[in-house]
Amino acid sequence: MTRDWNRRTQLVHEGSRRSQYGEMAEAIFLTQGFAYDSAEQAEARFQHAGADEFIYARYGNPTTRMFEERIAAIEGTEDAFATASGMAAVNGALVSMLRAGDHVVSSRALFGSCLYILEEVLVRFGVRVTFVDGTDLDQWRAAVVPGTKAVFFESISNPTLEVIDIKSVSEIAHTAGALAVVDNVFATPIFSRAVDQGADVVVYSTTKHIDGQGRALGGVICGTVPFIRKVVEPYMKHTGGSMSPFTAWIMLNGMVTLDLRCRAMAGSAEKIAGVLAGDSRLSRVIFPGLPSHPQHALTLRQMGSGGTLLAFDIKGGKEAAFRFLNALKIIRISNNLGDARTIATHPATTTHQRLPEDQKARLGITPGLVRLSVGLEDSDDLIADLDRALDVI
Ligand SMILES: *Cc1c(COP(=O)(O)O)cnc(C)c1O
């Protein structure tokens, strides 16, 4: 790896491998397997596959390997394993390291599918899980005990954008010898310093900012070489959650523009949040970059940016929120995020519909709450679209 390059250079070049043709763009090695020169070579490779030696696409592939090296360099971890989706990454990171009787502490404010893995899957296999309010360090301190194997949290929670103190929670985890596993999707690899803050394992849904154009599902687990190759890889390669070479190629191309896109989107998000902050048609505006956000100082320390997402509560509840959404012209109603197209989501009736009402209330998922993933359109056009739609209610 070429760690002395700066990140913008790594995003363009890191991990690139060229065939004998010297192609400029990364090749898609759309092959399930690899032929050996001899039976002896096949035997040797099954005993030990070197860095540029491949066996079967479920185990690894040159295009996938290029993506893994590029994201590991950006994240600042020794290695990475690319997965078929963000959920394959969350599941793989946790299930590969846990066994019956282990204990996990997790923040409660999670993406619905993450909650399913912790609440339903792990528990079914005898892993004990304790949920805490991720922003309350005392709750983490009380919950992490000897025998805790992992703590898990989204560094910025979905959809209410609570920011969790990666450094402090990682320190608490380490006092018990537990690994800090961070789902860092909302922070993006560009604004992430999760590993510098002490996180051990960082997980992304690459479906979001890394693809950035809403084309392909993907995920990645970043960590040390022993964790990725001795714990994660055996689990992933035998259970079938690896990323396809075609997806890896899309993600490699997404990485090239990732820094430019995230910075432009975060700039627009900040501008939009500033405009909406004083709007009388809203009862609250949540954006980690606003001084009114409860973890504003932590956000600046941890990310140096407020990120690319904001949320706001429309006065008038669900009915008003639906009228607002239906009046949008540029902004699309959908549930992805990190896309170049600005997306508005109504969490209470879509991404978090499954949750019981009392849990929605506890997590701040109110009937009027709208989550906005800010894209690459002109921010003045977005502000005009929001303003026009808010007038309709
Ligand atoms: C989208 C998302 C996931 C799941 O990723 P997929 O690629 O959809 O499987 C996990 N965690 C967070 C925080 C997400 O936003």
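Visitor: How many nonpolar, polar and charged residues are in the lining of the second largest pocket?
Guide: This is a predicted model, in which local features need pLDDT of at least 70 and side-chain atom pairs count only at pLDDT 80 or more, while totals for chains, interfaces and linings use all residues. Residues are numbered from 1 along each chain as its sequence is written, and side-chain values use heavy atoms, leaving out hydrogens and water. Ala, Val, Leu, Ile, Met, Phe, Trp, Tyr, Cys and Pro count as nonpolar, Asp, Glu, Lys and Arg as charged, and the others, Gly among them, as polar. On that basis the lining of the second largest pocket divides into ten nonpolar, six polar and three charged.

Visitor: Which residues lie nearest the centre of the second largest pocket?
Guide: On a 1 Å grid over the protein atoms alone, a pocket is an open set of points with protein on both sides within 12 Å along at least five of seven lines, while a cavity is a set where a 1.4 Å probe fits but cannot get out; lining residues have an atom within 4 Å of a point. Grid points are joined across faces, edges and corners, and a volume is the space filled by probe spheres set on the points. The second largest pocket holds about 250 Å³ of space. Of its 19 lining residues, those nearest the centre are Gly86, Met87, Phe111, Ser205 and Lys208.

Visitor: Which element gives the largest share of the lining of the largest pocket?
Guide: The largest pocket has a volume of about 670 Å³, and of its 30 lining residues Ala49, Gly50, Glu53, Arg229 and Glu233 are closest to the centre. Helices (H or I, at least four residues) and strands (E, at least two) are DSSP runs, numbered from the N terminus. At least two lining residues come from each of α2 (39-47), α3 (62-75), β1 (79-83) and α9 (225-239). The largest share, six residues, is supplied by α9.

Visitor: How many charged residues line the largest cavity?
Guide: The largest cavity has about 40 Å³ of space, and its lining includes Ile156, Phe186 and Pro288. By class this lining has five nonpolar and three polar residues, and the count of charged ones is none: no charged.

Visitor: Why is one side of β8 and of β10 left without a neighbour in the sheet?
Guide: Two strands pair if DSSP finds at least two bridges between them. The open sheet has five strands in the order β8-β9-β12-β11-β10, with mixed pairing. One side of β8 (282-286) and of β10 (332-333) has no neighbour in the sheet because both stand at the edges, each with a single partner strand.

Visitor: What is the bridge partner of Arg284 in β9?
Guide: β8 and β9 (residues 309-314) run antiparallel, joined by four bridges. Within β9, Arg284 has as its bridge partner Asp313.

Visitor: How many nonpolar, polar and charged residues are in the contact of α11 with α15?
Guide: Helix α11 and helix α15 (residues 379-392) pack at about 35°, with axes 10 Å apart; axes are lines fitted to C-alpha atoms, for helices over the stretch in contact, and angles run from 0 to 180 degrees between N-to-C directions. The contact (heavy atoms within 4.5 Å) includes Ile272 and Val275 of α11 and Leu382 and Leu386 of α15. By class, the contact has seven nonpolar, two polar and two charged residues.
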